[in-house]
Every structure is written in structure tokens, then in C-alpha cells.
Amino acid sequence: MDGPPGTGAGPAADVVVYDFDGTLVEGDIGAAFVHHLLQGWRRALALPVAPLGLALMRFESTRAFGVGVFLRVATIGRDSPAVEALATRFADARALRRREREIGWLEADLSAGRRVVVATGAFETLARVMLRRLGLEGRVVLVASRLRPGAIGLGVARHCNGEAKLRALADDGYPAPYAKAVSDSWADAPLLRAAREAILVNASPASRATLQRVVGPRLIDADAPDTPRWMP
């Protein structure tokens, strides 16, 4: 098994942060869950506001509002316990496509005594079930988005994406800087900038170009042909 790119093990107090969707598993479970909820008349209600929601999601400063547009429509008539139950059943039934290389790195970090945090924009219940299915529940810290009741459906109580991911990490007792951060997404540019080792995995060309520009030469592209591999 290939070990993670980087400089090797650090002190036991080092905090290592992994993104979840696209990093430890394939796909976007949060988006898939909202799409699952948007069935029947709720989907019809979402159509008129979809252009606004998609436009808001294109920019870091308005991404949470864009997510909230679809989430509120998807949860009209559903209270928090109902959505929690739906989320648990959805995550339990969803096909689990593991990223074995990155999970191997995470296991190596745990074995080295590092504190491993999985920080994700996914709704907390979804992420917790998926961590259980990966055999990681109770072994890593989860920092995730949270929902709250609203006048129309449920809203986002805590957004865990972009700069907001750093705030969520700090709120849960894991402030920057970090020993290492691993992500696939341009949205995690703030997280990667806050890490001594910034590791990019499974990235789209657009994410790669954005992060190379924003993070700079410290960025380690784990999928570049000339990136060395370490054995754990």
C-alpha cells in the first residue's frame, strides 16, 4: 500500500484533517441526499428557484445560501427527527465506494498517533453513518454541517465548507494550523492553505488549476506522475 505523500510522521499532537466526499469515498453524499428528498411535488417547487440556488453555489461567499435554497424546499413538511431518520436510512443504503489509497493513509496517520479529523460539508448524520460503514466511527473526530428548523423546511445551522470549515474546526477545538490536510476540492483551498502539508487527491482539472494558483508550490498533487510514494 502506498503511504501518503509528505514529509513523514510528526509528533503525536499533530492534527491531520481529511475531507470526506471525493477524498475518502467517491461521490457527494450531501447532494445525493438532497436530490433524493426532492421528489414529486417538492421537485416541482424546486425548479423555479434552481437557477438562483445554482448561481449562489458557484461562489464561496454565497455557497451556504445556495445549499440552503435546495435544502429548504427538500425538507418542506418534514421536521428534524423525520429528516434525521431519512438521512440514516439513505446513508445505510447508499453504495459505498471507498477510496482505498486515502483510507490507507488515514489508517497510517492513526497508527502514528496523530489526531485525525474528518471535516465535511455533508450533514452530520449522513457523515456519521458513512464513517461507521467505513469502520472509522469512534476512531476519528467528525466535524460536519448541521441543520436547524426554519419557517420553511430546515436550514443550515453550521456550514462546513470553504472558510466556514476552518471556523467549524476551530469551534470544535481544532484550530489551524494543521500538520496535514487532504482534499480533492477547490472549495478546501482555505483548509489546504492552513496545513503544513497540503495534499490534493482525485482532483478535477478545474480544482487542480485553482488550488495550484491559490495554495502555490506547497501543494502536493498526489496524482501527478512525478509525485513520490512512501510506504507506511
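Predicted model: local features only at pLDDT ≥ 70, side-chain atom pairs only at ≥ 80, totals over all residues.
Let me begin with D19, which counts as buried because its relative accessibility is 6%, where buried means under 20% relative accessible area, exposed means over 50%, and partly exposed is in between, for a 1.4 Å probe and protein chains only. Residues are numbered from 1 along each chain as its sequence is written, and side-chain values use heavy atoms, with hydrogens and water left out.

What does D19 form a salt bridge with? The partner of D19 is K165, and the closest N and O atoms of the pair are 3.2 Å apart; a salt bridge here is a side-chain nitrogen of Lys or Arg within 4 Å of a carboxyl oxygen of Asp or Glu. D19 sits in the loop between β1 and α1 (29–37), whereas K165 belongs to helix α7, so the pair ties together parts that are 146 residues apart in sequence. K165 also counts as buried, at 1% relative accessibility. When I name helices (H or I, at least four residues) and strands (E, at least two), I mean DSSP runs, numbered from the N terminus.

Staying with helix α7, which covers residues 163–171, its buried residues are A164, K165, L166, A168 and L169. These buried residues are covered by elements including β1 (15–18), β2 (115–123), β5 (178–183) and α8 (189–193), contact being defined as heavy atoms within 4.5 Å. Just after α7, G173 takes a positive phi of about 95°.

Now to the sheet, which is open, has seven strands in the order β4-β3-β2-β1-β5-β6-β7, and shows mixed pairing; two strands pair if DSSP finds at least two bridges between them. β4 and β7 (219–221) stand at the edges with a single partner strand each, so one side of each is left without a neighbour in the sheet. Inside the sheet, β2 and β3 pair in the parallel sense over five bridges, and V118 has L142 in β3 as its bridge partner.

On strand β3, at residues 141–149, we find S145, which is buried, with a relative accessible area of 5%. A polar atom of the S145 side chain lies 2.8 Å from the backbone oxygen of G121. Leaving aside neighbours within four places in sequence, S145 is in contact with residues including F123, E124, R158 and H159.

Two of those contacts of S145, E124 and R158, bring us back to charge, as E124, R128, R146, R158 and D172 are linked in a network of salt bridges. The structure holds 17 salt bridges, and another of them joins the side chains of E26 and R97 (3.7 Å, N to O).

Finally, the cores: a nonpolar core is a set of buried Ala, Val, Leu, Ile, Met, Phe, Trp, Tyr and Cys residues joined through side-chain atoms within 4.5 Å. The largest has 44 residues, and those with the most contacts inside it are Y18, F20, F33, L106, V118 and L126. Apart from it lies another core, of 23 residues, among them V117, L166, L169 and V215. F20, in turn, touches V25, V118, A119, T120, M130, L131 and L134, not counting residues up to four places away in sequence.

Conventions: Polar contact = N/O pair within 3.5 Å; in protein donor to acceptor, adjacent residues only side chain to side chain.
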